[in-house]
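Dear colleague,

I am passing the structure below on to you, together with some notes on what I found in it. Please read them with the coordinates open beside you.

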Amino acid sequence: MIKNYLKIAWRNLVKNKVHTFINVAGLSVGMAVAMLIGLWIWDELSFNKYFKSYDRIVQVMQHQTFNGEVGTQTAMPIPLGTQLRQDYTGDSKDFKYVVLSTWTGDHILAHGDKKLTKSGNYMQAEAPDLLTLKMLKGTRKGLSDPTSILLSQSTAKALFGNVDPMFQMIKIDNSWNVKVSGVYEDIPANTDFKELTFIAPWDLYMTTEPYLKKYAETEYGNNSWQIFAQLNPNADAGKASAKIKDLKLKGLTINGDKVGLSFKAAVFLHPMNKWHLYSEFKNGINTGGAIQFVWMFAIIGIFVLLLACINFMNLSTARSEKRAKEVGIRKTLGSLRTQLISQFFSESLLVAGFAFLFSIVLVLLVLPWFNVVADKKMVILWSSPVFWLAGIAFSLFTGLVAGSYPAFYLSSFQPVKVLKGTFRAGRLASLPRKILVVLQFTVSVTLIIGTIIVFKQVQYAKNRPVGYNRTGMIQIEMKNAIIHNHVDAVRNELLSSGAIVEMAESGSPITGVWSNNSGLTWQGKDPNLQDDFGTIAVTHEFGKTAGWKIVKGRDFSRSFLTDSSGMILNEAAVKFMGFKHPIGQVIKWGKNYKVIGVVEDMVMSSPYEPVKPTIFHMRNEPGNFVNIRISPKIGTKDALTTIEATLKKYDPDSPFDYKFTDSEYAKKFDTEKRVGKLAGFFTILAIFISCMGLFGMASFMAEQRIKEIGVRKVLGASVFGLWQLMSKDFVILVTISLFIAIPLAYYFMFGWIKNYKYHAELSWWIFGATAVGAIIITLLTVSYQSIKAALANPVKSLRSE
């Protein structure tokens, strides 16, 4: 019987090729979208699960109060980590391991003549055990020697090729010799440690700078490092957090740090299973994070697949009268309704099966592009039984849902009425189809509006005045003091070559603020005011290099020896300090500084947030970055060649790794652009599927009203008039969907855009343009069937009368 059902189903599909193609194409696209989103959601939900101790790894974080508002940060002081290791680690205590770590950053790894820039951390010796690294060579105890290093598999391959890397010597940042004591498997992309391509010993790091020993012993107020921990099996993260909540306050109290105490630091543990999806905090409360995108795309996937199923239903019912006689004859010959239902379900399941196979092909074609846009490395899990079971179950579910309405609707026809030619659908028979079309366009219009608003917000932030000139500027992170020690000679040579306009050092990149300080005092400061300034040390030519805009006073100058005690404030700092006349004001920060200038606010951090009060001061110690403005008079390639040759002259062992400032600034928009592109992609597919649904409805209406149209033509109706008649119903349906979708989209997108302090307004034209566009798309879609019906010969439609 099943074989007979499938044989008849196949014949019906082959007989109606266009109808079959539309059904299979619609379901294939819907299932491909659902599959892509499913892979993306799986990747998100499995983030960090590579680590075996995933459920017990935590990061030590802190809440601090600034002028009544609670901020949350991962940066921690070294003594806190030391105290946790000494007093809270052991078999009978909360922690199995506590590990201090630097931030992941780029470093030069050199072996012989080969020099590579790789990202990695300095971490304490228990880090490999905490992360349960899969060691390919050596053991996890490899960091116990302060002159050792662990390499990822790809880094070891890049440095040594096919030579055994064990016990080979490497020089870090042209300064410290270490030997390879282990090689671990590359950490996957869907983890927070994906850029950890090497781990160097913490004990080595503590010898790299003389000030670190002081910070390690007593400085609870310097938050510049990370602390990771692994809980013991019986420990509870919440109870452990309560125990360590006041540890930093106690350390600050012992040190008599009144400024630090004023921020009311509260230490807590953030579990690894929340790092990725629940990373956002507001006023000390975890408010979510990337989980909102998981829910958003899950809903989009469900709706797009639902739209495809709706299409199948509508296109099947559009052929109902053609198949009505078939149903009548089958019932007359003794077919039971259950058999007819099985027949129609076999057709829908066959279509769903073909659609599933084609959807896999579509996913294979689209997945490389999708990975680039989503910044993922997803693959189809061919060898996973779960994937195939899910795919088959998915196809069965889709086939049953998509075929349910046609199966039960068509099998309910009365054979007497059908065979006598008196069968007519009731007045309300078309209501479900109309509701489905309204639902389709409600979803599509909501997606269109959401996508436009996302792109508008990105563009709005991009067009924000940044207070400096990003074009034609590069930044180079310095790994040693060699260039600093010859900075004047390097600058003079480059200026003489005509390759650059200016060059300067800075403690932070122009696209970021790496140093923050508090406890500054000035005349008129409110004793209760808690200050927190971005502090950037620069050389004299920084302003000219960056192209900042002096609002008051003057720039730093080599002509003024007193500039070593001078400060330049941004406008946000002037406003925060309450200065009406800032020039000449004295600010005490260790020593007395005099304000010599005010610059227009520079957007150095998030382009969606207000500019932080920032202070620029002169520096004598080596800068972390060299900033160079390339001369527009010569080609960029020639200028870079000259710059590289000059830097190599003084520091031949360091690779020439530079980054364009405008490219680094553009990275700040990556998340929103990624969401916008993905939403746009799914929106286009949703519109495509919805238009196919409209086409199906138009086909059904034209078939149902073919005799009415014939009569109207005989009585003199014009093609244009008939087109209006046929199109009017669809325009009404889409208009109803607009009245539902526009308020929905406004509500959801208003809530989303308010998350950004610097955001675009929800302009009326977005909703108006979307409405007009939806109606135009509707008319273009239904016009084919409308005009085809209007041009049909009435003799053919009326000859049975």
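Glu44 is buried in this predicted model, because its relative accessible area is 5%, which falls under the 20% taken as the limit for that term. The residue belongs to helix α2, which covers residues 17-45, and, once neighbours within four places in sequence are set aside, Glu44 is in contact with His276, Leu277, Ala290, Val294 and Lys376.

Turning to the aromatic residues, the structure contains 28 aromatic pairs. In one of them, Tyr50 and Phe51, the ring centres are 5.5 Å apart and the planes stand at 80°, so the pair counts as edge-to-face; both of these residues are buried.

Elsewhere, the charged end of Arg554 sits over the ring of Phe560, at 3.7 Å from its centre.

As for confidence, the protein chain has a mean pLDDT of 84, with 90% of its residues at 70 or more. Confidence is lowest in helix α1 (residues 2-15), where the mean is 60, and highest in strand β10 (residues 198-201), where it is 96.

With best regards

Notes:
Residues are numbered from 1 along each chain as its sequence is written. This is a predicted model: local features need pLDDT of at least 70, side-chain atom pairs count only at pLDDT 80 or more; totals for chains, interfaces and linings use all residues. Side-chain values use heavy atoms; hydrogens and water are left out. pLDDT is the predictor's confidence in each residue, from 0 to 100. Helices (H or I, at least four residues) and strands (E, at least two) are DSSP runs, numbered from the N terminus. Buried means under 20% relative accessible area, exposed over 50%, partly exposed in between (1.4 Å probe, protein chains only). Contact means heavy atoms within 4.5 Å. Rings of Phe, Tyr and Trp (its six-membered ring) pair if their centres lie within 6.5 Å; planes under 30 degrees apart count as stacked, over 60 as edge-to-face and the rest as tilted. A charge sits over a ring if NZ of Lys or CZ of Arg is within 6 Å of the ring centre and within 35 degrees of the ring normal.
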